Amino acid sequence: MLDYYLRLALSRCRQNVPMVLLLVLTMAVGIAACMTAMTIFRALSGAPLPGVSPHLYVATMDAREAVDQDSPDYKRPDSLLKLADAKALVDAHRAVQQVAVAQSLTQIGQPDGSQSAQAYGLMAYGPALQAFGVPLRYGRPWTEAEQASNAPVIVIDTEVAQKLFGTKNAVGRSVMLGRHRFRVIGVSAPWHPRVQMFDVQHDQGTVMGQAMMFFVPAQASLDAGVGPFLAGECGKDAAVASFQSTQVAQCRWMEAWVRLDTPAQLDAYGPFLAGYANAQHDAGRFVYPPQAKLYGTQAWLALNHVVPDDVHLNMMLAGGFLLLCLVNVAGLLAARFLRRQGDVAIRRALGASKRDVFVQHLVETGLLGLIGGVLALPLTWLGLWIVRMQPVSYAAAAQFSAGVFVILFGLSVGVGLLVGILPAWRVCRLPPALQIKLA
Amino acid sequence: MRHIVKPLLRHRMMPLLVVLQVALACAIACNALFLLQQKLVPIVTPDGVGHPGRLIVAWNIAPRGNPWPPATLRQTATELHAIPGVVSASLATSWPMETEAQLNATVVADGKGIKASAAIYIGDHLLDTLGLRLLAGRDFSAGEDALVYKGAGLHTDGPTIITQALARRLFPGGDALGKVVRIGDQANAARRTVVGVVAHLMRNEFGQDDREDVDYSMLFPGTASNWPIPIFGVRVRSTAEAAGVRKAMKAVVQRELGPDMIQGIDPAYESYGDMRERMLAQPKAAVWLLSGVSMIVLLVTVVGIMGLTSYWVQQRTRQIGVRRALGARRGNILRDVQLENLLVVGAGILLGMALAYAINLWLMQRYELTRLPWTYLPYGALLMLLLGQLAVLSPALRAARVPPVVATRSV
């Protein structure tokens with residue numbers, strides 16, 4: 001039966017080609033606009049670290065140790081901590097996993113200076129690789145003992161390993177980081193958060209996550225003369241330390257991330273964090289009420305507007321546009337179907353049930369939707385290409401993927417059926433006798 | 001009128017679909033055009049900088065560890081000025097069309113209490129280097145330019161040059177020269193006396209909060225201490241010399257500051273024109289996108305109205321024939337179809353305007369958007385009505401051509 005309906009639909013499409021073209025093109029443009037916006041939205045709105053970041057929380061508190069006359073109010077939650085506070089939170093071991101990190105940018109070279117690579121990485125206190133779920137290709141992460149003794153050990157990613165040593169398995173080799181020689185104890189697979197998640201308060205305009213190419217215990221790195229990329233907040237009296245400084249004792253430059261798997265753990269950690277911060281305030285270190293609070297990764301990114309508003313606005317614009325196209329096509333389809341009331345009446349008189357007529361018309365609109373989807377495919381590709389050409393920070397997110405294809409297919413058939421429901425229902429509603437009379 | 005309204009009420013589906021389409025198109029187009037207008041602000045507002053091709057800027061100069069002492073930076077600026085072909089050289093904290101470093105403050109007209117958010121550019125010889133047009137007052141003196149602040153300079157009293165837009169905002173209906181602007185709203189905020197007013201100077205960050213805001217800027221003379229990312233600008237005598245000067249500039253900055261720069265972050269040496277192009281590329285792209293979307297939305301709507309109306313007319317061919325046989329002229333039929341379209345589209349516009357406003361209110365709660373101005377509504381309504389009439393023209397003419405003899409044909 002379906003096969004017959006399909007042939008019927010095809011032959012009808014051939015009868016009025018311009019009209020059919022108008023219908024499928026309208027659908028295709030609507031679907032393509034929506035798919036383009038949705039591809040970017042999906043790439044940017046999901047978890048920065050799938051499977052991991054939904055359990056990660058960042059600690060925020062007003063940890064200022066001097067009165068700031070210019071901005072006494074704590075307007076925006078602040079995630080930056082001094083190394084001492086970060087250490088205290090990590091060493092308390094009150095979460096499933098905890099780590100304090102800061103981003104760094106430096107040269108990593110062979111000890112003889114023959115090869116070197118510019119690399120972004122994380123300086124960490126605590127098990128950074130485990131907490132962020134960084135996949136290790138070779139070797140192992142550093143141990144607590146190594147961290148406690150400030151041992152010069154480092155984990156690099158396969159790309160740095162390949163560049164420096166010509167092999168991915170660089171475990172056991174030595175690299176120069178700053179002034180010191182570090183032993184490579186592990187090699188990680190290339191890793192980057194899908195969306196920027198570290199130090200987002202200071203980050204302006206970066207949306208896509210930066211690839212982290214090395215991981216190193218923070219103190220060992222400072223000892224070697226490699227500091228964080230940004231020294232963060234350094235108090236009014238201290239000399240203004242800026243980039244790559246190791247004079248960070250007076251600065252708040254680390255972020256503490258904790259992993260909490262269950263609501264019970266989350267409920268328990270909040271009071272612990274508040275308790276720690278309040279104790280510092282009571283002891284006179286933090287001059288303002290700390291207002292300590294945990295933020296989930298997604299909530300933290302949303303709060304700091306990491307993903308530009310434009311992405312959301314464009315998604316809504318595209319959604320509204322698709323809706324308009326749907327109403328438009330539904331209207332044109334209704335006109336098209338109702339013009340053929342005569343044919344329907346004859347079918348009804350010959351014994352076809354209302355249901356048969358309904359299904360027949362739905363098959364036709366489904367087919368049109370599918371054709372629209374096929375046409376939308378190159379249009380979506382074109383849309384994504386145009387976005388990639390744009391000077392926007394999220395241009396790299398506009399990539400065609402298998403997921404996009406599946407959604408597009410589903411959307412087009414869904415759209416085809418959806419727009420057909422009203423017209424198909426209208427056309428099978430009239431009683432056959434009246435339909436024949438009308439014809 | 002009754003003979004137009006009645007059939008619309010009896011056969012509700014077709015007119016309802018048109019109403020819905022017009023309403024949706026209205027809501028989308030109003031909001032898209034509103035966003036577009038906001039993106040246009042920095043593109044169409046003059047930035048005040050004269051001869052963009054003759055201004056070369058060195059930025060993204062990041063020190064490793066502590067910032068350079070002001071004396072070192074001053075020395076570099078002096079050497080830049082000595083390059084043949086350079087007319088004026090400046091050392092500044094921030095620069096138009098560059099957002100890496102920003103100084104913004106709430107400034108208050110002393111005594112009057114009128115507040116505004118303004119961008120502050122601190123540096124020496126900025127008026128000449130930026131090529132600003134001085135409307136009133138004077139440039140900073142050599143002594144004022146030679147000042148070195150203890151910090152950034154926001155807490156120090158002194159002279160300032162402000163834009164005309166900011167002057168009008170802070171001192172409405174009066175001369176701003178000689179008046180005092182407080183930098184911040186605290187009781188002990190610094191006092192800056194206005195010594196000059198320039199035509200325009202764009203702030204380096206374009207917010208979407210207020211349209212006038214983009215031209216609210218102030219200049220302070222002197223040099224900031226402990227400023228992490230200094231910016232150098234030089235104005236060259238002619239565009240022809242720009243390439244040579246740029247090369248010499250790079251050599252000077254590298255020689256003086258290179259050893260203390262962060263490895264892996266290279267300074268940029270660009271003409272101001274290129275910086276402007278780069279900075280405006282994003283709003284320009286958004287303008288293209290939004291205008292494209294608005295065009296397609298309107299096109300789709302016109303096509304939709306056309307398709308539905310021609311079916312609606314075809315349906316009533318016989319009634320039209322009867323009316324013609326009973327004496328209605330072609331003009332009557334044409335006008336009836338047009339009037340009917342006017343009614344339906346009008347209903348859609350009313351619904352669409354309400355929808356546009358609701359969407360705007362909702363967006364305002366979630367994003368940094370301002371209220372949709374009322375002035376959009378009559379223009380939007382007029383545009384939609386015209387488009388509706390355009391769309392109905394061909395079906396209406398076809399209806400008018402229905403001969404009276406149709407009425408007598410088979411039933």
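What percentage of the 411 residues in chain B is buried? Buried residues account for 43% of chain B. The structure is a predicted model. This report takes the two chains in turn, then their contact, then two local sites.

## Confidence

The model scores ipTM 0.80 and pTM 0.81. In chain B the average pLDDT is 85. There, 98% of the residues score at least 70. Where pLDDT is low, predicted coordinates should not be read in detail.

## Chain A: overall form

Chain A holds 14 helices and 11 strands. Its radius of gyration is 30 Å. A compact globule of 439 residues would come out near 22 Å. Along the principal axes, the C-alpha atoms of chain A fill a box of roughly 95 × 55 × 40 Å.

Buried residues make up 46% of the 439 in chain A. Take the contacts in chain A between residues at least 6 apart in sequence: 76% of them join residues at least 24 apart.

## Chain A: two domains

Chain A splits into domain 1 (2–45 + 309–438) and domain 2 (53–303). Domain 1 of chain A is thus written as two segments, because its bounds are 2–45 and 309–438 in the domain assignment. The C-alpha centres of the two domains of chain A lie 50 Å apart.

Contact between these domains involves 6 residues of domain 1 of chain A and 6 residues of domain 2 of chain A. On the domain 1 side, 5 of the touching residues are nonpolar and 1 is polar. None on that side is charged.

## Strand S1 of chain A

Strand S1 of chain A covers residues 56–60. How many of its 5 residues are buried? The count is 5 of the 5, so S1(A) is largely enclosed by the rest of the structure.

In a regular strand, side chains alternate between the two faces of the sheet. In S1(A), Leu56(A), Val58(A) and Thr60(A) point one way. Tyr57(A) and Ala59(A) point the other way. Residues of both sets are buried.

Leu56(A) has Arg259(A) as its bridge partner in S10(A).

## Chain B: overall form and domains

Chain B contains 11 helices and 11 strands. The radius of gyration of chain B is 31 Å, whereas a compact globule of 411 residues would have one near 22 Å. The C-alpha atoms of chain B fill a box of roughly 100 × 50 × 35 Å along the principal axes. Of the chain B contacts between residues at least 6 apart in sequence, 85% join residues at least 24 apart.

Chain B is divided into domain 1 (2–43 + 280–410) and domain 2 (61–266). A distance of 52 Å separates the C-alpha centres of domain 1 of chain B and domain 2 of chain B.

## Where the chains meet

The contact between the chains takes 37 residues from chain A and 37 residues from chain B. Which elements give two or more residues to the chain B side? They are helix H2 (13–44) and helix H8 (272–315) of chain B. H8(B) supplies the largest share of that side, with 13 residues. By class, the side of chain B that touches chain A has 24 nonpolar, 11 polar and 2 charged residues.

## Asp139 of chain B

Asp139(B) sits in the loop between strand S5 (134–137) and helix H5 (142–145) of chain B. Is Asp139(B) buried or exposed? Asp139(B) is buried, because 20 other C-beta atoms lie within 10 Å, and the cut-off for buried is 20 or more.

Leaving aside neighbours within four places in sequence, Asp139(B) is in contact with Leu127(B), Leu134(B) and Gly196(B). His51(B) is 88 residues from Asp139(B) along the chain. The C-alpha atoms of Asp139(B) and His51(B) are separated by 19 Å.

Terms used: Residues numbered from 1 in each chain as written. Chains lettered and ligands numbered in written order. Predicted model: local features only at pLDDT ≥ 70, side-chain atom pairs only at ≥ 80, totals over all residues. Helix = DSSP H or I, 4+ residues; strand = E, 2+ residues; numbered from the N terminus. Rg over C-alpha atoms; globule rule 2.2 N^0.38 Å. Buried ≥ 20, exposed ≤ 12 C-beta atoms within 10 Å, placed from the backbone. Contact = placed C-beta atoms within 7 Å. Nonpolar A, V, L, I, M, F, W, Y, C, P; charged D, E, K, R; others polar. pLDDT = per-residue confidence, 0-100. Pairing = 2+ DSSP bridges.
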